[in-house]
Amino acid sequence: MSAFDVGAALPRQKIDILPALTPVIVALVAAPFIGSFSTFLTLTAAGLAMGMMIFTMASGLTLVFGMMDVLNFGHGAFIALGAYVATLVFLPLASWSNADSVALNLGVFVLAVLAAALTSGALGWVFERLIVKPVYGEHLRQILATIGGSIIAEQLLYALFGPDQIPLGLPKTLQGSFVFGEAAVEKYRVVATLVGLAVFAGEMLILNRTRIGLLIRAGVENREMVEALGYRIDRLFVGVFMAGSALAGLGGAMMALYRGQVHATIGGEFLVLCFIVIIIGGLGSVGGSFVASILVALVANYAGFLAPKLALVSNILAMVVVLLWRPRGLYPVSGR
Amino acid sequence: MSEALRLEGVHTFIGRYHILQGVDFDAPAGRTTMLLGRNGAGKTTALRTIMGLWRASKGRIALGSTLLQGLAASDVARLGVGYAPETMAVFSDLSVKENLALGARNGPLDDDRLRWIFGFFPALRKFWLSRAGALSGGQKQMLSIARAIVEPRELLLIDEPTKGLSPAIVGSLIECLKEIKATGVTILLVEQNFRVAAEVGDMVRVMDNGRIVHRGAMDELAADAALQSRLLGLSLDSHQ
């Protein structure tokens, strides 16, 4: 620790708080139109849970896109992979899931999400070495290669698990709702929100409090200079890609449990949303992705309730409005 | 006088453009060698090629007995080569402290060395925890150079450090470069400001169209207006 840490602080950087408040502003604007407080609370809790799951999936993509400049259209494959790995853990351990033991219920849940994250992370390494590494710096080829990889992965999932949806039940402890007056908030939504918050806290801690995080933040801005300072950026790239894939797998597992079923198309379905989120948040910005995920999910929920037809395009509308206000996203990263 | 750095017949292409066309020069150990030349002569490309940021298609680059060509930039840096690019390349979203911490690859920041650096560039201490993107152009240049010297280096590659700086800051920079040289570091410095070059340079290599067209002592070039005019299209008098 340098002595210059003490008493040397002078003008500190200003925190731009307004973008972080956009979900709150959206909620406050929507509340009077929704009318019923219990409905508002239910919609908001559902939006937060959905936002946290989207964030878990998207935060990996923003680092991969922001730092490695890789347009990874194969990210959806890891979301789907995570969902299937969670299913593979849940199916043989159905007795744990249905037991009257909180420990067994939570045990199978933790096992499933960990297995999903670890398997996706490990296969992320294979995907990076085989498909992404040969096309670094070439966006068009990246799109073609990663879409190709994604199609292969999806077809492999079809071949292994069949084309039908596989039902996936929640562990007994996570079923049901917490009731607050007339409002009901599903237990699993609370869990999904807590997991998302833990992922966000963990990422912020790593990015802001560790040397690896410092290198990642620097690498997002100027990879070449990081390398010129003596750091092996290619190794960092692999690590970030694996972490991004692991987070996609974790998010996929969480989302599959939320929906109660698994299908190979889950990856493609959420990939578009992930891209919308990282564009709204600002490419390479984890904090921006966090805010954008909540914003997108809340807007979709409120729009779905108030104007169902509008819900179909609510994400795109949110992106257009944000980009008109801040063309480089809510929290743009320098050099991007 | 031993050689720290030697380039022999180095060719570099950027896309289809043949920028370095057989560059030969050396930079003596512990001395400051100026790399001068008109815009587009290939000076920046030469520095980037030494650093490993662009690959030499042909030729030999040696730092002492170690061959540099073919090495990744990170490996070149690990040999003790510091680089301050023309673009400064400070990490705008990181604080001044974080920028310097990244420069200190081998361990935590050394307080004595920081004090030494702050002696030349007091603004860095003032804005220690500020975002580097909020610094002025001159302050960013200071940060870029400070980052390159925050740990002892064997060779420093510095690209146009005085560009856009006020005369007061240029003065500090000259003092800084002199002190760095006094510690025995070899410096290869690209500079457009001939007065600065004349003040800090021991040796000079002049480039034109991707080749070295002159090698000699800096004070000899500084004293020969006709040679300056022929090589660089200027004379020291025009910078008085």
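Reply: Happy to, starting with strand β8 of chain B: 5 of its 5 residues are buried, so β8(B) is largely enclosed by the rest of the structure. Before we go on, this is a predicted model, in which local features need pLDDT of at least 70 and side-chain atom pairs count only at pLDDT 80 or more, while totals for chains, interfaces and linings use all residues. Residues are numbered from 1 along each chain as its sequence is written, and chains are lettered from A and ligands numbered from 1 in the order in which they are written.

Me: How do you know which strands β8(B) pairs with?

Reply: Two strands pair if DSSP finds at least two bridges between them. Helices (H or I, at least four residues) and strands (E, at least two) are themselves DSSP runs, numbered from the N terminus. β3(B) and β8(B) have 4 bridges in the parallel sense, and β7(B) and β8(B) have 5, also parallel. B:Ile187 of β8(B) is the bridge partner of B:Thr32, and B:Leu156 stands opposite B:Ile187 too.

Me: Why is the pairing in the sheet called mixed?

Reply: Strands of a sheet pair through backbone hydrogen bonds, either parallel or antiparallel. This open sheet has 6 strands in the order β6-β7-β8-β3-β9-β10 (chain B), with mixed pairing. Its edge strands are β6 (81–84) and β10 (211–217) of chain B, each pairing on one side only. From one strand to the next, the twist averages 15 degrees.

Me: What makes B:Asn209 and B:Met88 stand out?

Reply: Most residues other than glycine have a negative phi. B:Asn209 has a positive phi near 50 degrees and sits in the hairpin of β9(B) and β10(B), with 2 residues between the strands. B:Met88 is not a glycine either, yet has a positive phi of about 75 degrees; B:Met88 lies in the loop between β6 and α3 (96–103) of chain B.

Me: Are those two residues buried or exposed?

Reply: B:Met88 has 24 other C-beta atoms within 10 Å, so B:Met88 is buried. B:Asn209 has 14, and therefore counts as partly exposed.

Me: Over in chain A, why are α3(A) and α6(A) called roughly parallel?

Reply: Angles under 35 degrees count as roughly parallel, over 145 as roughly antiparallel, 65 to 115 as roughly perpendicular and the rest as oblique. Axes are lines fitted to C-alpha atoms, for helices over the stretch in contact, and angles run from 0 to 180 degrees between N-to-C directions. The axes of α3(A) (75–90) and α6(A) (139–161) come within 9 Å and cross at roughly 20 degrees, so the two helices are roughly parallel. Two residues are in contact if their C-beta atoms, placed from the backbone, lie within 7 Å. Those making the contact include A:Gly76 and A:Ala80 of α3(A) and A:Ala153 and A:Leu157 of α6(A).

Me: And what makes α7(A) and α8(A) roughly perpendicular?

Reply: The axes of α7(A) and α8(A) cross at roughly 85 degrees and come within 5 Å, so the pair counts as roughly perpendicular. Among the contact residues are A:Ile206 and A:Leu207 of α7(A), with A:Ile212 and A:Gly213 of α8(A).

Me: How do you know that α8(A) is mostly covered?

Reply: 8 of the 11 residues of α8(A) (211–221) are buried, including A:Leu214, A:Ile216 and A:Val220. The covering elements include α2 (37–68) and α10 (233–259) of chain A, together with α3 of chain B.

Methods. Buried ≥ 20, exposed ≤ 12 C-beta atoms within 10 Å, placed from the backbone.
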